[in-house]
There are 2 protein chains.
Amino acid sequence: MNHSLQVELGERSYPIHIGPGLLKRNDLLQELLDARQIVVITNQTVGPLYSAPLRARLGAAEVYEMVIPDGEHTKSLAVFGDIMTFLLENRIERSAVMVALGGGVIGDLAGFAAASYQRGIKFIQIPTTLLAQVDSSVGGKTAVNHPLGKNMIGAFHQPCAVIADLDTLSTLPEREFRAGLAEVIKYGLIQDAEFFSWLEECCAGLLVRDPETLAQAVLRSCQNKASVVAADEREGGIRALLNLGHTFGHAIETHAGYGKWLHGEAVAAGTMLAARMSRNLGWITADQLEQIAGLLQRCGLPLKPPEGMGAEDFLEHMAHDKKNADGRITLILLQGIGHAVVCRDYAERDLRAVLESV
Amino acid sequence: MNHSLQVELGERSYPIHIGPGLLKRNDLLQELLDARQIVVITNQTVGPLYSAPLRARLGAAEVYEMVIPDGEHTKSLAVFGDIMTFLLENRIERSAVMVALGGGVIGDLAGFAAASYQRGIKFIQIPTTLLAQVDSSVGGKTAVNHPLGKNMIGAFHQPCAVIADLDTLSTLPEREFRAGLAEVIKYGLIQDAEFFSWLEECCAGLLVRDPETLAQAVLRSCQNKASVVAADEREGGIRALLNLGHTFGHAIETHAGYGKWLHGEAVAAGTMLAARMSRNLGWITADQLEQIAGLLQRCGLPLKPPEGMGAEDFLEHMAHDKKNADGRITLILLQGIGHAVVCRDYAERDLRAVLESV
């Protein structure tokens, strides 16, 4: 039931380990066991659950732990600065290894800290949410938010390993688990129609967190993510497809205020906007639109943006999004299930129409 | 009198152009002339002198300019955050090109901003101080300071070109010009004995800023820097030699308060400490120590740390320096003029002795 795969990036290649009980596997923690200084960045929810068992294995190393409040609002330049102070006060050296123990917020924040401290130290991702395991912990994107836009300040900094212990998902609140499914479904939509069908079939097992079904879903998601990242590490081309639903989704998150909508929820509503626009353009059929809405709905995910968020709100926030090029908002749209495309040459009125229709 | 050389870093290779009148050369500004959005980061001293002529050439592009107060204290996370806000408020896109127009502070600060904004945008270094032209603008090191240590927060982010217009040095205050010479002399000391001899010979011409002498000094410095960076981009090995005088120097800067001592002045005093320790170890002769002190002195550079700064002050600040590995402070020492070495296995008492002797 344990799986390992490799993100192929030349000298920056690294393994992703997926399975239950991995935090007890000394062989996977070797990089940490060899380090003289280890810095664990975690949050108030995850830390008490998984930090002690992890630390118990780290033996001789000096272990420093910084516990950050839970929530998207901590993914800020201010908390990033607090981490820098923590590292310097504890005289953390360039040879230290940083561990991000938590969900996407912790991974992005600690990852950017690892990228920037002394111009870069090693780090290991130990994602403890479904969203982090299937998406944010893989691929080296790190960032903090700015009040004017999500993930606007960051770095590409690849981890030296990702350890996705499926046992940690057992404590994940239902709402967060479901939000993670939005990113799982995304892989099916963008490039893996077979996976999408499997998800339609196995959705019930997934929702009750059946271990084998869950392992398959995480593995297949990571395989998809790893292949895209290997082909386009710095998002010059096809990596942009992974942003399906995200440009709309970021606008929702920024509009609602960080943390009100979970990232996965905003991505789900954003994916529906992309699907509806694709339908309006005649690129997908009404049946396919139904299929997409159906799967998202069965996973308990929102199909529409927040009440009262209008087209102007979207356009205002989307103008700041970094997926823009030369003044145009880049959209990821669908030409079928399993076939996403980067689209820049749409008519402005088609974008407006879909934003006004919901 | 114009020279170009290439920093060889595979797909991250870039040219350094050195000569008078370069800011008027459209062919060198091509990257900028092609961009839709250009962001110039400069300071209150340099901006009024060189920004207008540069902007006059940029024609059709949208040009945004952020003018920052002059001084080392602006190389902070707070000002970095202000730049991010400026970029987002002006809806700067990922395709924009950032220009660092100024000295080392502007280059380091704007460089880190370019590295981090939307996880990295292009930037061009237009260094206007001797120190920036011969050292900080080349090699991709970018950073801001933290109250607990210099350059502690940053990134490796290579520019896509360095344009060193020697005309800009004509407005450089004497004290800053001389501080820059400390980094020029450094190249002679670490790996280029012939250059050191040339500097001893041509020092007088350099001090009166004779154009041809100056061009030679900048060119030879950049050749040295480029060769070291090409061999070791991320300072895993020989690039550390460029830190000759810097570990001591950073301690002086931090102790004195950023900006009280110019970086080059602190490096000069730090270089003398390294030379004295090398002499104490019997690695260089008394004559060589005299030669080094003589050249630094002729350039008007300080040979000793600030009055009242004791050994404990040094050790405290140096413990934070990022050139440390596994608890030991790494030193760069000399085994001759033109032959620096990385040294970790010195006796603690030898370090203490040299710090207490001055």
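Two residues are in contact if their C-beta atoms, placed from the backbone, lie within 7 Å. Helices (H or I, at least four residues) and strands (E, at least two) are DSSP runs, numbered from the N terminus. The model is predicted: local features need pLDDT of at least 70, side-chain atom pairs count only at pLDDT 80 or more, and totals for chains, interfaces and linings use all residues. Residues are numbered from 1 along each chain as its sequence is written, and chains are lettered from A and ligands numbered from 1 in the order in which they are written.

The interface joins 32 residues of chain B to 32 residues of chain A. On chain B, at least two residues each come from helix 3 (77–89), helix 4 (104–116), strand 7 (141–146) and strand 8 (149–156). Strand 8 of chain B gives the largest share of this side, six residues. By class, the side of chain B that touches chain A holds 13 nonpolar, 10 polar and nine charged residues. Here Ala, Val, Leu, Ile, Met, Phe, Trp, Tyr, Cys and Pro count as nonpolar, Asp, Glu, Lys and Arg as charged, and the others, Gly among them, as polar. Of the interface residues of chain B, 100% are also interface residues in chain A, so the copies meet through the same surface.

Strand 8 also holds a backbone feature in each chain. Most residues other than glycine have a negative phi. A:Asn151 lies in strand 8 of chain A. Its phi is positive, about 55°, although A:Asn151 is not a glycine. B:Asn151 lies in strand 8 of chain B. B:Asn151 likewise has a positive phi of about 55° and is not a glycine. Burial was assigned by counting neighbours. A residue is buried if 20 or more other C-beta atoms lie within 10 Å of its own, exposed if 12 or fewer, and partly exposed in between, with C-beta atoms placed from the backbone. A:Asn151 is buried, with 20 other C-beta atoms within 10 Å. B:Asn151 is buried, with 21.

Helix 9 (residues 246–256) of chain A is largely enclosed by the rest of the structure, because nine of its 11 residues are buried. The buried residues include A:His246, A:Phe248, A:Ile252 and A:Thr254. Their cover includes strand 8 (149–156), helix 10 (263–280) and helix 12 (311–318) of chain A. Strand 11 (328–329) and strand 12 (331–334) of chain A are also among the covering elements. Just after helix 9 of chain A, A:Gly257 takes a positive phi of about 95°.

Helix 9 of chain A packs on helix 10 of chain A at an angle of about 130°, with the axes 7 Å apart. Axes are lines fitted to C-alpha atoms, for helices over the stretch in contact, and angles run from 0 to 180 degrees between N-to-C directions. The angle makes helix 9 of chain A oblique to helix 10 of chain A. Angles under 35 degrees count as roughly parallel, over 145 as roughly antiparallel, 65 to 115 as roughly perpendicular and the rest as oblique. The crossing of these two helices is right-handed, that is, the near helix is turned clockwise from the far one by less than a right angle. From helix 9 of chain A, A:His246, A:Thr247, A:Phe248, A:Gly249, A:Ile252 and A:Glu253 take part. They meet A:His263, A:Ala266, A:Val267, A:Ala269, A:Gly270, A:Leu273 and A:Ala274 in helix 10 of chain A. This contact divides into seven nonpolar, five polar and one charged residue.

In chain B, the axes of helix 10 (residues 263–280) and helix 13 (residues 348–357) come within 10 Å and cross at roughly 125°. Helix 10 of chain B is thus oblique to helix 13 of chain B. Their crossing is right-handed. Helix 10 of chain B contributes B:Leu273, B:Arg276, B:Met277 and B:Asn280, and helix 13 of chain B contributes B:Asp350, B:Leu351, B:Ala353 and B:Val354. The contact has five nonpolar, one polar and two charged residues.
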